[in-house]
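Dear colleague,

I am handing over the structure we spoke about, with the sequence and the coordinates placed just below. My notes on what was found follow after that, arranged so that you can read them with the model open beside you.

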Amino acid sequence: MAKAFQLLFSRYTLVILACASASMLALPLVLGAIWVKVLTSVTIFAIAAAGTSLVYAQLRLVNLAQVALVGVGGWIMLRLNHGTAFPFEVSLLLSGAGAGLVGMLLAIPAMRMRGLYLALVTLMAAGAFQIIFTAFQFPNGGDGFWGVALQSPGEMRRPLLAPGDEAYLRYTIAVAAICFIIVHLHQETRSGRAWAMIRQSEANAMAAGVDVTVYKVRAFVLAGFLAGIAGGLLAGALKILDSRSFAAGESVLLFAVSVVGGVYGWLGAVIAGLLYRGVPALFNNLGQDADLSLIIFGAALLHAIITAERGLAGQIADAFDGLRRKREETQ
Amino acid sequence: MIGIEALTVSFGGVRALDDLSLEMKDDVVGIIGPNGAGKTTLINVLSGFVEPASGAVIAHDHDLLAMKPHARARWGLARSFQKAQIVPDRTVEDHIRVALDFQHLPERDNERVLGRVLEFTGLTEHRRRIGARLNSAERRLTEIARCLASSPKIVLLDEPGGGLSQNETSLLQSLIGAIKQEFGAMVVLIDHDVDLIRAICSHTAVLDFGKLIAFGETEAVFRNEKVKAAYLGG
């Protein structure tokens, strides 16, 4: 009990809570209406990036279907919104659970494959979802199972606590903080230790009593859950979803920016969200083609692979450590 | 007690273990043999990483081959590897805790066992040091500490003395020799260090080309002419 309390209120989680609280207070006050929407999207994709990063950092496995799972979460959220009277939070959790189940299916190839082959299989799964989303679209209040009407007759409900855009940004940041803490708690407890042993070698993990299948599946389910939560929040933010947002290539891009941001902690996920949604919005705002950001991502990915294995987040952490050491030396 | 009966392992056309039968009862049993004799294959069969073509392995009245590898570890079969398997970014404590995680003990007991194995292996002061900062002896000791934390019935050590200095090997020797008394586990030790085997193994098995060429009291085994020819160079 004392250990659980210690973990829950560790320096890491307190920093997350402090940063989240400061962002919730300050951002809606200083940002204009468009940037509130952009930052909401950034936060949502930071949650999705945390899932991609989790699988890569903990198991060294590449999952290129994360944005497709965001689409699955969004589809479930819209379906529940238009088909039931569930509160937003219940639908959000069910979106996470549904995408988590799909994530579990993605874990099946991970039992036998790794490296490039697994990456390709997950990318093909993302391609399959792209086809499904394009063929059937996202529910918008129409009849039947797929719930699609030519003219949207339904309305996407938002949480009672956050009906407006500014409040919804705060709500999204709060959910992101909870998600980052959930990931951290997994990494610091039994799951994290088991993942570390698997990362070293599966034989080593089995020799320590780790059921490799269970713990690989757990990582994929958690990543899927985070994607589902992100999808549910995205549906709440945009109110309608477009299949073009969930193309297979988007998952590759999210993985790339996650590596650039840094896969070992929440800050890397936030940077990934900023790169994925913030930088293209900035180019748009400057009147430039948002695709220019792809050139920057390519260069940044090269930089990360060659010189910064822990990504930009690792470099920021190192810079702070250097400053702290310098200050200690001068005192 | 480990009873091995008619165990055969084939890799393609190569018989890594050839109709091997052996009964190990002593506190510390040594297994020696030249490179490629089948020593590590035997340990891999016992821990479940290699499936034999035929044969049976009964340990403490349990059919080991019927259990999955992780289930064998949870049952009480602990092992170390030729190359110590240490995660660079995880602490010594994390490596030991992973074995405790599957014992399902109350947290207080976890702490007690953790403290005990750290003290036994002399790693108490390195408890919070990450794997990347451990030297080769500390890495070996961390693996042994993890083995002991899992309440083992049998500990399989695959060349634990590899790459250690004379002093470190002496420390290792006294540790391995005390495992049965302190933790109640039988030790099966594979090593090329004849002095280490002589010092702590009451019985020793010698393998060559997958076959058992000698088994018995260690000193008697080392006097065996077949062993001298195959392993000790005449």
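Chain B contains 9 helices and 10 strands; please keep in mind throughout that this is a predicted model. For its 234 residues a compact globule would have a radius of gyration near 17 Å, and the 17 Å found for chain B agrees with that. Along the principal axes, the C-alpha atoms of chain B fill a box of roughly 50 × 40 × 30 Å, and 47% of the 234 residues count as buried. If one takes the contacts in chain B between residues at least 6 apart in sequence, 67% of them join residues at least 24 apart.

The strands of chain B can be followed in two sheets, which I describe in turn.

One is an open sheet of 4 strands in the order β2-β1-β4-β5 of chain B, with antiparallel pairing. Its edge strands, each pairing on one side only, are β2 (14–24) and β5 (62–63) of chain B. At the β5 end, strand β4 (residues 54–59) of chain B pairs with β5(B) in the antiparallel sense over 2 bridges, and I58(B) has D63(B), in β5(B), as its bridge partner.

The other is an open sheet of 6 strands in chain B, ordered β6-β7-β8-β3-β9-β10, and here the pairing is mixed. The edge strands in this case are β6 (77–79) and β10 (211–217) of chain B, each of which pairs on one side only, and from one strand to the next the twist averages 15 degrees. Strand β6(B) runs parallel to strand β7 (residues 154–158) of chain B and is joined to it by 3 bridges; the bridge partner of A78(B) in β7(B) is V155(B).

Two helices that pack on this sheet deserve a look. Helix α1 (residues 39–47) of chain B touches β3 (28–32), β6, β7, β8 (186–190) and β9 (203–208) of chain B, and its direction makes about 145 degrees with that of β7(B). Helix α6 (residues 166–183) of chain B also packs on the sheet, touching β3, β7 and β8 of chain B, with its direction at about 155 degrees to that of β8(B).

The C-alpha atoms of chain A fill a box of roughly 65 × 50 × 45 Å along the principal axes, and 48% of its 331 residues count as buried. Among the contacts in chain A between residues at least 6 apart in sequence, 76% join residues at least 24 apart.

Finally, which residues make up the contact between the two chains? The contact takes 17 residues from chain A and 20 residues from chain B. On the side of chain A that touches chain B, α8 (190–200) and α9 (202–207) of chain A each supply at least two residues, and α8(A) gives the most, with 7 residues.

With best wishes

Technical notes
Residues numbered from 1 in each chain as written. Chains lettered and ligands numbered in written order. Predicted model: local features only at pLDDT ≥ 70, side-chain atom pairs only at ≥ 80, totals over all residues. Rg over C-alpha atoms; globule rule 2.2 N^0.38 Å. Buried ≥ 20, exposed ≤ 12 C-beta atoms within 10 Å, placed from the backbone. Contact = placed C-beta atoms within 7 Å. Pairing = 2+ DSSP bridges. Axes fitted to C-alpha atoms, helices over the stretch in contact; angles between N-to-C directions.
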